[in-house]
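Subject: Structure for you to look at

Hello,

Here is the structure I said I would pass on. Please open it and keep it in view while you read the rest of this message.

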Amino acid sequence: MPTNQFLEYASVIKTLEVAPHTFLTEFSSPKISAAVKPGQFVMLSFPGSLDPLLPRAFSVCEVKGDGVVLFYVAVGKGTRLLSKLRNGEEVILNGPLGRGFPELARGEKVWLAVGGSGAAVLPIVITSAIDSGAFPEAFYGARTMKQLMHFDNIQIEFATDDGSAGFHGTVVELLKLKMKKDRPDKIFACGPSPMLASVQREFGEKVRTYISVETPMACGMGLCQGCPVRKKDGTGYYLACKDGPVFDTNEIEVATGAI
Ligand SMILES: Cc1cc2nc3c(=O)[nH]c(=O)nc-3n(C[C@H](O)[C@H](O)[C@H](O)COP(=O)(O)OP(=O)(O)OC[C@H]3O[C@@H](n4cnc5c(N)ncnc54)[C@H](O)[C@@H]3O)c2cc1C
Ligand code: FES
């Protein structure tokens, strides 16, 4: 195991339901919290249980002292189990894993577009960008207002498909509108595959654009070969867990992560 990767028993400090079926859980995790970079993830499993059999990948949302916070939507077995853990109960975290977003230079302007469970990266990316002296702006899209949440101390421009909050339209349409008056040095995006494909198509050739793909993962460490992402130059495949999950849109063929 690389020296900056750890296997930690991490106990739940607290869980908050921040929107319907949407949770923030804070874990005590001194080693991973000290090592993680924005856009990296952990593989989470439940000790003493083979159900679910495979660990689940989660982007680290925030570092709080010796703890890490995960943001998730309870859609299936793993996330429902996670949301029901009581304070003090433990999971096993393996991480930090993967290649995160590139470091930003002082004065660089970055736009971060997120949607769905991709909103997990919002706090860690924005906080780190501000610490680097960069100028980040955050954009968060959802179908409707009920699916959106606010993060403490972070200014966000919202977009909803039904117009119930913020801009009426998708987060990509919002960025296209803003692009008529302004232009960032970089765009970062994290969200569902159709959103990432749209970001790649609209901005990939105009601005340095980086997307975090959510290709399903079994091991998270480059061992099972189960997360291929086709290279743009036709020379084969990257592994989303090891070479990504963050890719420059010029590196990969489609944002979906599918073969
Ligand atoms: C690098 C990486 C980072 C990730 N980060 C996060 C994160 O920060 N937060 C998070 O919630 N998830 C994240 N995911 C997805 C996560 O690993 C799980 O797949 C997801 O949480 C569902 O797990 P589950 O066991 O609850 O559902 P499962 O029982 O595995 O799946 C149940 C059903 O839900 C569907 N499903 C899976 N994911 C989603 C989704 N996001 N929205 C709607 N339906 C879905 C499945 O296709 C399946 O039909 C990430 C995935 C990757 C690869
Ligand atoms: S998840 Fe096993 S190689 Fe990527």
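Predicted model: local features only at pLDDT ≥ 70, side-chain atom pairs only at ≥ 80, totals over all residues.

Where it sits

Domain 1 (6–97) and domain 2 (109–248) each contribute residues to the shell around ligand 1, so the ligand lies between the two domains.

What surrounds it

There are 17 residues around ligand 1, and those that come nearest are Arg-56, Ala-57, Phe-71, Gly-78 and Thr-79. By type, the shell is made of 8 nonpolar, 6 polar and 3 charged residues. Of the shell, β4 supplies the largest share, with 4 residues.

Polar contacts

Which atoms of Ala-57, Gly-78 and Thr-79 face oxygen atoms of ligand 1? For Ala-57, a polar backbone atom is 2.6 Å from an oxygen atom of the ligand. Gly-78 also uses its backbone, with an N or O atom 2.8 Å from a ligand oxygen. In Thr-79 the atom belongs to the side chain: a polar atom there lies 2.3 Å from an oxygen of ligand 1.

How much is covered

On its own, ligand 1 would expose 900 Å², and the protein buries 67% of that area.

Regards

Technical notes. Residues numbered from 1 in each chain as written. Chains lettered and ligands numbered in written order. Heavy atoms only, no water. Near = heavy atom within 4 Å. Polar contact = N/O pair within 3.5 Å; in protein donor to acceptor, adjacent residues only side chain to side chain. Areas by Shrake-Rupley, 256 points an atom, 1.4 Å probe, with all protein chains shown as cover. Helix = DSSP H or I, 4+ residues; strand = E, 2+ residues; numbered from the N terminus. Nonpolar A, V, L, I, M, F, W, Y, C, P; charged D, E, K, R; others polar. Domains from an automatic or database assignment.
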